[in-house]
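Here's a quick briefing to read with the model open. Keep the sequence to hand as you go.

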Amino acid sequence: MINGLLHALVLDGQGGARPIGSTNELNSWQPSQGKLWVHMDYSQSEAVEWLKAQPHLNDYELESLIADETRPRITATTNGHMLFLRGVNLNPAQSPEDMVSIRLFISEDILITTRKRRLLSVQDTLACLNENKGPCNISELVCSITQKLTSRMQSVIDSLDETLDEFEEEIDEPSKKFDNQGLSQLRRQTIALKRYLKPQKEALSSMVNNHYLWLLDDDKAKLNETINLLIRYLEELDSSIERAQIIQQTITNQVSEQLNQRMYVMSVVAALFLPLGFLTGLLGVNVGGIPGTESPYAFSAFVIFLIVLTGGIGVYFKNKKWL
């Protein structure tokens with residue numbers, strides 16, 4: 001088989017599928033044999049060569065299927081449509097906001113999907129086909145992939161909300177050091193998710209609002225449910241962004257308030273000791289004529305005077321409600 005061919009299935013129209021076992025059988029497939037789903041890893045050169053040889057694709061469509069970076073959208077092609085989607089990255093040791101791209105070439109008889117990193121939603125669709133509970137045609141297959149791709153995002157959205165709840169609880173615990181770096185990372189994750197989900201919603205809405213030969217009217221209701229999920233996710237992401245901003249603003253205000261309190265205490269202390277420092281400095285100059293140098297009680301009287309002066313300043317500050 002072709003290196004980079006993940007699977008090639010012919011739908012039986014009853015919820016199951018028959019795998020294609022050889023390259024010759026794949027190349028000799030005809031629409032009369034059933035709807036074909038080919039799933040490939042475009043990072044493999046043999047897979048790219050097979051795609052180049054297909055009459056369904058022109059050069060522009062081929063480049064779109066193997067491009068390094070894509071944005072969710074749907075575009076018309078010569079023999080069908082190109083649909084670009086994104087799913088959360090649930091692969092081990094990966095960040096969910098580093099969303100995995102899947103590219104679909106769709107016609108009435110064949111669906112070609114390409115990816116570089118593994119997508120669990122594709123595995124879910126395969127599992128349904130193996131149980132004879134999967135899609136029966138191209139329209140249902142596209143809707144199934146789209147729905148499972150979207151539903152997989154729920155756990156990531158919920159995780160963001162739970163993390164925000166923890167950050168909000170930390171605000172009420174002044175003794176605990178706040179994780180500013182963690183909050184900044186969460187905001188980046190939320191913004192990155194929203195960046196792809198919004199155009200993905202627009203692409204699916206375009207599918208529902210336009211007429212495509214390969215998309216059945218009955219399946220548009222399924223797409224509407226998927227769109228509603230995306231709208232809810234976008235609303236939750238907007239809420240998460242606003243909550244993160246409020247948390248950040250609250251932390252900034254707390255830090256500013258603490259700094260102001262400390263500066264205020266330092267200012268009050270400086271105001272209390274300013275006249276004392278002036279008097280002691282004045283009497284400490286090494287020149288003649290300083291009063292009290294001959295009296296044994298001068299130092300005690302001066303200390304008492306300083307205490308009374310400090311107390312008087314304190315009472316004045318208290319009356320002014322500065323203390």
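Tryptophan 214 comes out buried, at a relative accessible area of 6%; buried here means under 20% relative accessible area, exposed over 50% and partly exposed in between (1.4 Å probe, protein chains only). This is a predicted model, where local features need pLDDT of at least 70 and side-chain atom pairs count only at pLDDT 80 or more, while totals for chains, interfaces and linings use all residues. Residues are numbered from 1 along each chain as its sequence is written, and side-chain values use heavy atoms, with hydrogens and water left out.

**Aromatic pairs**

- Rings of Phe, Tyr and Trp (its six-membered ring) pair if their centres lie within 6.5 Å; planes under 30 degrees apart are stacked, over 60 edge-to-face, and the rest tilted.
- By that rule, the count is two aromatic pairs.
- Tryptophan 214 has tyrosine 212 as its partner: the ring centres are 5.5 Å apart and the planes sit at 15 degrees, so this pair is stacked.
- Tyrosine 212 is buried too, with a relative accessible area of 9%.
- Tyrosine 316 and phenylalanine 317 make a tilted pair, at 6.2 Å centre to centre with 50 degrees between the planes.

**Arginines over rings**

- A charge sits over a ring if NZ of Lys or CZ of Arg is within 6 Å of the ring centre and within 35 degrees of the ring normal.
- Arginine 73 does this with phenylalanine 84, lying over its face at 4.1 Å from the ring centre.
- Arginine 86 lies over the face of tyrosine 196, at 4.3 Å from the ring centre.

- Helices (H or I, at least four residues) and strands (E, at least two) are DSSP runs, numbered from the N terminus.
- Helix H8 covers residues 217–283, which is 67 residues, and it reaches 98 Å from first C-alpha to last.
- That is close to the 99 Å expected at 1.5 Å a residue, where the expected span is 1.5 Å times one less than the number of residues.
- H8 has a kink of about 35 degrees at phenylalanine 273, shortly before proline 275; the bend at a residue is the angle between axes fitted to the seven residues ending there and the seven starting there.
- Leucine 213 belongs to the loop between H7 and H8, and at 62% relative accessibility it is exposed.
- Leucine 213 and serine 107 are 106 residues apart in sequence, yet their C-alpha atoms are 8.0 Å apart in space.

**Buried spots and their contacts**

- Contact means heavy atoms within 4.5 Å.
- Threonine 190, in helix H7 (residues 180–209), is buried with a relative accessible area of 1%.
- Not counting residues up to four places away in sequence, threonine 190 touches Leu160, Leu237, Ser240 and Ile241.
- Isoleucine 112 lies in strand S7 (residues 110–115) and is buried at 0% relative accessibility.
- Leaving aside neighbours within four places in sequence, isoleucine 112 is in contact with Val38, Trp50, Leu51, Arg103, Leu104 and Phe105.
- From isoleucine 112 to phenylalanine 305, 193 residues apart along the chain, the C-alpha atoms are separated by 94 Å.
- Glutamate 170 lies in helix H6 (residues 154–171) and is buried as well, with a relative accessible area of 15%.
- Setting aside neighbours within four places in sequence, glutamate 170 contacts Lys176, Lys177, Phe178 and Asp179.

**Cysteines**

- The structure holds zero disulfides, a disulfide being a pair of cysteine sulfur atoms within 2.5 Å.
- Cysteine 128 is in none: the nearest cysteine sulfur, in cysteine 136, is 11 Å away.
- Cysteine 128 is partly exposed, at 22% relative accessibility.
- For cysteine 143, the closest cysteine sulfur is also that of cysteine 136, and at 12 Å it is too far for a bond.
- Cysteine 143 is buried, at 4% relative accessibility.

- Most residues other than glycine have a negative phi.
- Asparagine 132 has phi near 60 degrees, a positive value in a residue other than glycine.
- Asparagine 132 is in the loop between helix H4 (120–130) and helix H5 (138–151), and it is exposed at 51% relative accessibility.
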